[in-house]
Number of protein chains: 2
Amino acid sequence: MIQRVDYSKVSITGGFWRQKQDLVRDVTVQAVYDRFKDTGRIDAFRCDINSEIKPHIFWDSDVAKWMEGVAYLLREQPDDALQATVEALIDCIEENQGEDGYFNLYYTVVEPEGRYTNRDCHELYCAGHLMEAAVAYYEATGKRRFLDLMCKYADYIERRFKIDRDTAFVTPGHEEIELALVRLYEATGERRYLELSRFFVDERGTRAEGLTDWSESRYHQSHLPAREQFTAEGHAVRAVYFYSAMADLALRLQDEALKTACERLFEDIIRHKMYVTGGVGSSFVGEAFTMPYDLPNLISYTESCAAIGLVFFAQRMLLLTNDAKYADVIERILYNGFLSALSLDGKAFFYCNPLEIIPALHTRDRSAKQKSLTLPQMQRQEVFECSCCPPNIVRFVPSLSGLIYTQDETSLYVHQFMESRATLSIGGQSVTVEQKTNYPTDGRVSIGVTGGAATLRVRIPAYARATYEGKLENGYATFHLMDGDEITLTFDLTPRLTEANPNVFFDAGRCAVERGPVVYCMEAVDNGANLRDIRLCRGAAFEEAWSETYGLPILSVAAFRRKASKDLYAPISDEREAITAHLIPYYAFANRGISEMQVWHLVEGR
Amino acid sequence: MIQRVDYSKVSITGGFWRQKQDLVRDVTVQAVYDRFKDTGRIDAFRCDINSEIKPHIFWDSDVAKWMEGVAYLLREQPDDALQATVEALIDCIEENQGEDGYFNLYYTVVEPEGRYTNRDCHELYCAGHLMEAAVAYYEATGKRRFLDLMCKYADYIERRFKIDRDTAFVTPGHEEIELALVRLYEATGERRYLELSRFFVDERGTRAEGLTDWSESRYHQSHLPAREQFTAEGHAVRAVYFYSAMADLALRLQDEALKTACERLFEDIIRHKMYVTGGVGSSFVGEAFTMPYDLPNLISYTESCAAIGLVFFAQRMLLLTNDAKYADVIERILYNGFLSALSLDGKAFFYCNPLEIIPALHTRDRSAKQKSLTLPQMQRQEVFECSCCPPNIVRFVPSLSGLIYTQDETSLYVHQFMESRATLSIGGQSVTVEQKTNYPTDGRVSIGVTGGAATLRVRIPAYARATYEGKLENGYATFHLMDGDEITLTFDLTPRLTEANPNVFFDAGRCAVERGPVVYCMEAVDNGANLRDIRLCRGAAFEEAWSETYGLPILSVAAFRRKASKDLYAPISDEREAITAHLIPYYAFANRGISEMQVWHLVEGR
């Protein structure tokens, strides 16, 4: 059986992602904490009912994700100050947790009589994030206090929801606790938590319960029983968290019906509803999936948390299926729709990650009350009123190395390429696996084993698979290595033009530029305004120039612009001027002020 | 000096527009009346304060425009029943007009104490439309009663606004009365009405007055004095009505500053803010002009009334300048953005006239409260809550022949090509001018004069001007005709590909198909779904097939579609299938049920 190779067994030792991990450790973790302190989120854990600042219904989860991120950092490297901050928060939790085990900021301070009356108030969602933080902190420090508090809370939830059934709703409005309970089960060995997770998953979509007025039940995936859900619907973050839990259960309970639903849901996403950046959620309304092929670039929602959640789902599908397509999606998200959320200085964040920006459109409607277009923000911000994304980045980046490998008794699956060292038990031997690579700066990856033999099953990335000459199984090439052996693969990272399915009406007639796993974009700061009219020359070679700032090359390519004209309409003409178009990695857009930006370009000569 | 050739002097005797005039006479005028009767608009003229149905602030104007349209019909052909209906409405007006001359449904029935307290409540707008109806009715029937009532009303308005100055605002929130007063002046010879018009135009934008909360002063063109307005701003209908009045005054008062402002405003519209259909108003928010080159096709507002108003403005500019570009714009609007508003059966109307429809997008956001896209309706309807457009069509179509000619002492300017007969006084002689043409079915136009000699100055349409071999002055070719002479011109109507200015980001990479003055579109009902991916073959010949339904040929042309694919993203490929694309006149879209529709197409081979 395929098993996770936990992040704690693998150290990213250099290269592209080490730099990002350092940035999060050195800057982001403190920046997010400071903003949470400023906004009252930290002090809210004191549950002072006299405080002027009242906690929002999702503040517990914001801080819990930050605590989880700190736990990952502590596991890698001790930090007394950070640990003390977490301990102080745990003190608050311990102090303010009910005798019965209940803990929630909003329902303790603001509406103590309202416990479990409103399905949309994120109580179980917050509980789930606290549980995940507790598991991570326990695994990092060996300290059980937080874990024990959260077990007590989970016990309370089990009693209220599953045994006494005296709550106003049965399943959470925002999924999260389902996957948290699986983690709690794995950390404690207490099967009741797995069963409680199954309870929440099984009950969902079997009854009408507490719908919000602004949407249908599909908004929170309650329109059908889990095993009958085959199309991704509703709020994208809720959806991918739920599907992750479904995959967790499918794996642990050998539930074929759940597995089938997961496979079909994933296929629906990657065949119909995922941006080329790996972002999901096409509509601002409901922050939601919409119909197939509806992938507008200007008004994409593509929430950072949804990108992270889709990685969670894909990683679980890898464990279920051993199919490289899931790791392909993870890679697509990592380098594009996830990483775009973090500014180069590590301090600011995108909630939505648009694929196109036309700044003028943001001021076209002068009215404050109405807008004809609901456009995402053009610049990253340090904190949001609903600030779920920044701490999600804080917990995601330090645990990235958990995405590199999975293993079974005899083989090691190599899914991602990052300069790293792992010490694993393979076939009863302790084997050190080392990746030496500058990927994706260049396409060369060396993987060596010491301490024992191992069969490596190395993912050949989707973009390189068509030209790979060896035999592949589910997208993986197999290498049998003896102690001390090293293999080297080189992937062709020549920039390429990618087109979207003909049914994607918003991308018709246009191509994206990809280099290896990295999607590139144009910004007006490099190319002048009106990117939509630039035609990249098909077949022209891309020139690469190393950029220290981006940790990747920037690209230049021959292109054309039509000549400026006074007429608004004129007969079709071939008058045009040759220009050089400049592209930067998509993830780095909007780091140089407000600028037009575009991912899908016209192409000359087709 | 150039003078109008009034619609009453010119009869459209056959061809494309005769068919539309017959449709309006036979169907539309009654259909609009019936809907107005259904909704209480007609009975509202009884001003019964006990009626359950309360008049809206714009109902007077809806019915007044209908009355104006009937007047034009009566002038052409007596109709006792229609005339009796108008007389009954005039009875109501006479009965309910105040001693002081005031008449307004809403402020008589609903809020009698509120007279002239709210600038946004359309009082002066309604008054203006009643005045226009009264002038038209007087000119058609010779009956003075309605005209006298409206003169009394105008006198009252003059006293309140200009003499006593005791109103809560100085200029109307919705312009219209300015141009109506010029008509009243011309019908009565009473110069005070011209001066009152000037008063309203001069005072506008010189003070802060009664702004609505949802916009700035530019919403109703009150941001600057008229003579300092050089860019088209705000609510498009208000804007073009206002600019029309400015042009009226510029002509009659020889006001060079007003003329300059009008010329610059018109240039701003046709260089930056007009759709290829002649529609204006890019944003739902404020039904307004936005910034230059912002011409979204899916969410265009392009109100039918704004198209009509832009014809009014252009026709006045023709009188001011003798420049064919204004008649070019009129022709563009007539065959496209205006005519699209009327269904082929004459009973239903578009308020907004979109340039693209993707039906799936209308259901993407399931929420009733919020939408990420504000999309125009996909089908014409019989009546609207704000039903300004249907009666505007009723008054516009029967008076169309007034757009064909202007004249000075010795010359007749021929602006539009319609099978028609006119009897005019040219150089002291009564000359009959006859156009024989099937334009724009074909491009042949014969124009003959009998009864005297005349110099004809014939507009060579913009699309034919580049290839015209004779001498042109301001876009006109000059012909000296003796009694009995006839000239024949033939314009090349070969379908052509038109592209938008490179700055129009929403049209980048795409072309429109035009044939003479007519813009064509594709509908899914002929071409299958996903029109955005169809590439018309550049250089391929268009085949024409006569359509009785459209009164114009339909077009077919070689094209390509990419082959269906399962992948959402794939390397750029040349796999494609040859198809034949079918296009119909844009004005006729949405007459065969809900269907995808597109004006801007991809073109293969560029």
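Me: What makes the copies meet through the same surface?
Reply: 100% of the interface residues of chain A are also interface residues in chain B, so the copies meet through the same surface. Contact here means that two residues have their C-beta atoms, placed from the backbone, within 7 Å. The model is predicted: local features need pLDDT of at least 70, side-chain atom pairs count only at pLDDT 80 or more, and totals for chains, interfaces and linings use all residues. Residues are numbered from 1 along each chain as its sequence is written, while chains are lettered from A and ligands numbered from 1 in the order in which they are written.

Me: How many residues does each chain bring to the contact, and which elements of chain A take part?
Reply: Chain A gives 54 residues and chain B gives 54 residues. On the side of chain A that touches chain B, the elements with two or more residues are helix H10 (256–273), strand S12 (496–500), strand S17 (552–562) and strand S18 (569–571) of chain A. Helices (H or I, at least four residues) and strands (E, at least two) are DSSP runs, numbered from the N terminus. S12(A) supplies the largest share, 5 residues. By class, that side of chain A has 23 nonpolar, 15 polar and 16 charged residues. Nonpolar covers Ala, Val, Leu, Ile, Met, Phe, Trp, Tyr, Cys and Pro; charged covers Asp, Glu, Lys and Arg; the others, Gly among them, are polar.

Me: How do you know that S12(A) pairs with strand S18 of chain B?
Reply: Pairing needs at least two bridges found by DSSP between two strands. S12(A) and strand S18 (residues 569–571) of chain B have 3 bridges, and they run antiparallel. A:Thr498 stands opposite B:Pro571 in S18(B).

Me: Why are the two copies said to be related as by a two-fold rotation axis?
Reply: Superposition is by least squares on the C-alpha atoms of residues with pLDDT of at least 70 in both copies. Chain A is laid on chain B by a turn of 180° and a shift of 0.0 Å along the axis, with an RMSD of 0.0 Å. The two copies are therefore related as by a two-fold rotation axis. In chain A, A:Leu373 has the C-alpha nearest the axis, 2.9 Å from it.

Me: Why does the span of helix H8 of chain A agree with expectation?
Reply: The expected span is 1.5 Å times one less than the number of residues. Helix H8 (residues 191–203) of chain A has 13 residues and should span 18 Å; its end C-alpha atoms are 18 Å apart, so the two agree. After H8(A) comes A:Gly205, with a positive phi near 75°.

Me: What makes H9(A) mostly covered?
Reply: A residue is buried if 20 or more other C-beta atoms lie within 10 Å of its own, exposed if 12 or fewer, and partly exposed in between, with C-beta atoms placed from the backbone. In H9(A), 16 of its 17 residues are buried. Helix H9 (residues 236–252) of chain A reaches 24 Å from its first C-alpha to its last, close to the 24 Å expected.

Me: Which residues of H8(A) are buried, and what covers them?
Reply: They are A:Tyr193, A:Leu196, A:Ser197, A:Arg198, A:Phe200 and A:Val201. Their cover includes helix H6 (145–164), helix H7 (177–188) and H9 of chain A.

Me: Why does A:Gln19 count as exposed?
Reply: A:Gln19 has 12 C-beta neighbours inside 10 Å, so A:Gln19 counts as exposed. A:Gln19 lies in helix H1 (residues 15–38) of chain A.
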